[in-house]
Amino acid sequence: MRHRRRREQQQYERRGRSGRAWTGRAGAVVAALCAVAVISPAPGAAALAKPKPYEISGDARKTAGASSSADAPQIKPGLFHDRIGPGQEKYYAVNLDAKSSMHVTATAVPTPGTKVTYEDGLKLTLQNTNGDSCGSMDLSAGGDTAYPLTASAARLIGDENSESCREKGPYLVRLERDEGSGSGPGSWPVELSLKKEPGLKGSIPAPYPGTEDETDDNNKRPTPPSGTAKSAKGGTGFNDARALDSGVWKDRLQPGETRYYRVPVDWGQRLYARTEVPNSPAEEGTISSTYISKGFRMNVYNPARDALYDENFQSYDGDGAKFDRYSNPVRYENRFADEASGTRFAGWYYIAVTAGPEMAEPFPKGTPVTVRVAVKGKAKKGPAYDGDAVAAGFGVSDTDREMAEKGLTAAEVEHNDTLRTVGYTGIGAGAALILVLAVWMLLARHRAAAPAPVTAPGPWPTQHQQPEQYQQPQQYQQPPTQQYGGPGGYGHHPQG
């Protein structure tokens with residue numbers, strides 16, 4: 001029995017060594033294949049990278065606008081996503097109170113590289129159930145380039161020109177897509193943004209004197225920021241825009257790509273933004289004669305995603321180009337001005353830069369751009385809102401300023417917060433474990449240091465009792481071999 005069990009054990013060990021050796025060889029083969037997959041370049045890797053499309057927020061809720069206002073789905077403050085086809089019209093329902101302003105934007109996202117003409121466009125209207133418009137924007141694509149189109153509409157409390165939109169009740173958001181001849185037939189993803197701005201506790205301030213003279217055309221430009229440019233990769237859209245502080249920043253855009261950056265601008269402050277494209281390097285012995293009519297485009301958007309300007313593409317001739325904007329001071333009362341209505345609240349202001357498709361000719365590795373940003377003026381106290389305007393997206397917090405100083409995106413801030421929470425949790429758990437171990441060691445030391453109990457002597461034997469005689473311990477004898485679990489209850493294991 002003993003010899004048979006030893007042979008079985010030896011066979012089992014040989015099989016184990018063989019299996020481990022086969023597993024090791026298989027793991028080495030898999031590792032080698034993975035290394036080849038990593039080292040080997042992907043097909044077309046040397047070719048120009050494709051532009052990244054606008055990324056709709058993961059927090060956007062899916063909806064489907066109806067062709068009839070009677071079937072319009074209900075939406076509310078927040079983000080929603082839908083699709084709209086050529087020539088299509090969609091309705092959405094929203095409930096408004098009589099105290100708050102409502103800001104609605106729709107960002108349509110044609111696929112980069114698809115055909116888009118000047119006839120393509122987007123129209124957004126916020127209206128009451130009688131069909132009266134509270135605010136609208138009709139936006140046309142420009143430059144024969146597929147880039148994000150953002151249209152906006154608003155119901156502003158205190159607007160004397162929209163008496164029919166002051167009442168509390170149901171309203172409609174109407175979205176239309178104009179179809180251009182020869183443009184791409186596919187539908188466009190659409191991101192809807194609804195922001196509710198709290199009303200004021202007191203009366204609405206009167207328009208600031210001279211506001212209309214502070215437009216971009218009349219504004220004297222400040223000295224552009226200088227110094228070594230820092231790298232800042234812009235986001236694909238409003239949701240992942242890269243936060244920037246005043247300074248000089250550089251990025252590289254693929255042909256047809258749009259990058260987004262955002263800057264915190266507080267009450268009373270002004271935003272200066274400038275985009276530069278360098279000269280195209282000419283081959284040795286040649287003279288650069290590049291001319292591109294639709295070279296690049298820059299626009300600025302307020303915290304509600306409403307464009308401050310109606311921008312077109314800028315031309316590029318190979319010798320370098322620049323384009324800048326300088327906003328008027330941020331004031332609540334600007335909302336009722338014509339040219340300055342965009343700077344009507346504090347918060348994140350967005351800079352969107354687009355590189356035209358033909359920029360691949362002078363810059364086959366992507367168009368290098370320099371973005372100069374300056375926030376001018378001292379921050380002032382904002383109006384007395386009847387609610388938390390900063391939480392609603394209309395104001396600047398200390399966290400916003402910190403994000404701009406560090407150049408972070410919203411996703412990076414969330415990731416850092418998660419790591420910080422995990423770190424604090426780990427520290428707390430570690431501290432608790434150390435405390436438990438410390439208590440355990442103290443108790444163990446206390447037991448070890450405690451004196452052994454003293455046993456009272458006696459009882460001594462009486463005269464009639466004799467003490468027990470010392471007996472020699474018996475020699476240990478091998479017990480008889482029994483089968484495990486046999487008769488007699490708990491038996492002995494077999495030997496061998």
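The second largest pocket of this predicted model has a volume of about 880 Å³. A pocket is here an open set of points on a 1 Å grid over the protein atoms alone, with protein on both sides within 12 Å along at least five of seven lines, and lining residues have an atom within 4 Å of a point. Grid points are joined across faces, edges and corners, and a volume is the space filled by probe spheres set on the points. Of the 30 residues that line the second largest pocket, Leu79, Asn239, Arg262, Tyr350 and Ala410 are the closest to its centre. At least two lining residues each come from β2 (78–84), β9 (188–197), β18 (347–355), α2 and α3 (410–449); α3 provides the largest share, four residues. Helices (H or I, at least four residues) and strands (E, at least two) are DSSP runs, numbered from the N terminus. The lining comprises 14 nonpolar, eight polar and eight charged residues, where Ala, Val, Leu, Ile, Met, Phe, Trp, Tyr, Cys and Pro count as nonpolar, Asp, Glu, Lys and Arg as charged, and the others, Gly among them, as polar.

Residues are numbered from 1 along each chain as its sequence is written. Local features need pLDDT of at least 70, side-chain atom pairs count only at pLDDT 80 or more, and totals for chains, interfaces and linings use all residues, while side-chain values use heavy atoms, without hydrogens and water.

Strand β2 also contains Phe80. Phe80 is buried, with a relative accessible area of 6%; buried means under 20%, exposed over 50% and partly exposed in between (1.4 Å probe, protein chains only). Beyond its neighbours within four places in sequence, Phe80 has contacts (heavy atoms within 4.5 Å) with Ala60, Arg61, Thr63, Ile75, Val190, Glu191, Leu192 and Leu194. The C-alpha atoms of Phe80 and Ile56 are separated by 9.1 Å, at 24 residues apart along the chain.

Helix α2 spans residues 398–406, and its Asp400, Met403 and Ala404 are buried. These three lie on the same side of α2 because they cover an arc of only 95 degrees around the axis, taken from the directions from the helix axis to the C-beta atoms. On the other side of α2, Asp398, Glu405 and Lys406 are exposed. Just after α2, Gly407 adopts a positive phi of about 65 degrees.

Note on methods. 1 Å grid on protein atoms, 1.4 Å probe; cavity = no way out; pocket = protein on both sides within 12 Å on 5 of 7 lines; lining within 4 Å.
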